[in-house]
Amino acid sequence: METKLENILKNTSEVVSEEELKELLNEISKGNDKIAYIGFEPSGRIHLGHYLQIKKMIDLQNAGFKIIILLADLHAYLNQKGTMEEIKELAEQNKKVFDAIGLNATYIYGSEFQLKPEYNLDLYKVAVNTTLKRARRSMEVIAREDDNPKVAGVVYPLMQVIDIKHLNADVAVGGMEQRKIHMLAREILPSMDYKAPVCIHNPVLTGLDGEGKMSSSKGNFIAVDDDDATIKSKIKKAYCPIGEVEGNPILEIAKYYLNYPITIERPEKFGGNLIINSYNGLEELYKNKDLHPMDLKNAVVKGIIEMLTLIRGPNSE
């Protein structure tokens, strides 16, 4: 159990709460089913930011949790990500990628249960108990920037709270941008005779341009299905200021995706090859300016291509 817990906690930003998570693992060890879920808006290609979330779902899967992936088609529609037909087509593509990554999940479309009377009654109950200010604040990090936001922006987080109940989820997983919504769920759901979910929050990857989070709508991402040449080109152009750690997308990728030890290949005139045994060692070298950004980028290119080749199969340069 300790190993399972350690794997789940690895590279998370926050778990609310660790003690409750231990209790769920103990229940699983007794043969009781427990469910972990995450919702994805089908709104674009699957990129490394999504992959970080899927890696955590695989950790939970390996610990014995039943995994539900909510293909949040109605959420995507409320967030102005396309027509329902376009969203459904993207969702089917996303499922194929998740399966290829190694996830063994039950896929559920939001529209399969979010239009039912009992769901809507619960939605009204949450609306009665949530202030407009709280709902808007919960949505601030998720919604697209809009000078004149739609009412949909406050319906969205309330639906996400109710999703946890109607999926019978014990664990809700998401990026740190989901935190306010998850805390709202932990506060409100017990008053609706449903348990407060354990909430696991993962880091939000910085986009390759260094401006905000990695996002398919901003084009600042590496997609799981990018070919080798595209990956090399994107990383070569990426923001990676020498000596700077905070907000450095290349270092973030090195932290969450490379398998250590790694070899930094350099010509002898620039110090020769380096073997680095951990991310902390890599970060220290970079912070002290003992590692050039291009050498770091070359190592990340190699590691990411090796990782993604296992998912999408070999491709041409």
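UniProt, in an unreviewed entry, puts a "binding site" feature at Ser216. Such annotations may be inferred rather than shown by experiment, and feature names are shortened, with positions given in the numbering used here. This is a predicted model, where local features need pLDDT of at least 70 and side-chain atom pairs count only at pLDDT 80 or more, while totals for chains, interfaces and linings use all residues. Residues are numbered from 1 along each chain as its sequence is written, and side-chain values use heavy atoms, leaving out hydrogens and water.

So where do you look for Ser216? Check the loop between strand 6 (198-202) and helix 10. Helices here are DSSP runs of H or I with at least four residues, strands are runs of E with at least two, and both are numbered from the N terminus. Ser216 has 22% relative accessibility, so it counts as partly exposed; that label sits between buried (under 20% relative accessible area) and exposed (over 50%), using a 1.4 Å probe and protein chains only. Skipping residues up to four places away in sequence, Ser216 touches Ser43, Gly44, Arg45, His47 and Phe221. Touching, or contact, means heavy atoms within 4.5 Å.

Gln160 belongs to helix 8 (residues 152-166), and its 9% relative accessibility makes it buried. Apart from neighbours within four places in sequence, Gln160 is in contact with Tyr37, His75, Gln178, Ile181 and His182.

Gln178 sits in the loop between strand 5 (171-175) and helix 9 (179-188). Gln178 is buried too, at a relative accessible area of 12%.

## Helix 11 and its partners

Is helix 11 enclosed or open? With 8 of its 9 residues buried, helix 11 is largely enclosed by the rest of the structure. Its buried residues pack against helix 3, helix 10 (228-237), helix 12 (279-287) and helix 13 (293-312).

Now zoom in on one of those pairs. Helix 3 (residues 48-62) and helix 11 (residues 249-257) pack at about 25°, their axes 12 Å apart. That makes the two helices roughly parallel, a label for angles under 35 degrees. On the helix 3 side, the contact uses Leu48, Gly49, Tyr51, Leu52 and Lys55, and helix 11 brings Ile253, Tyr256 and Tyr257.

Note on methods:
Axes fitted to C-alpha atoms, helices over the stretch in contact; angles between N-to-C directions. Parallel < 35°, antiparallel > 145°, perpendicular 65-115°, else oblique.
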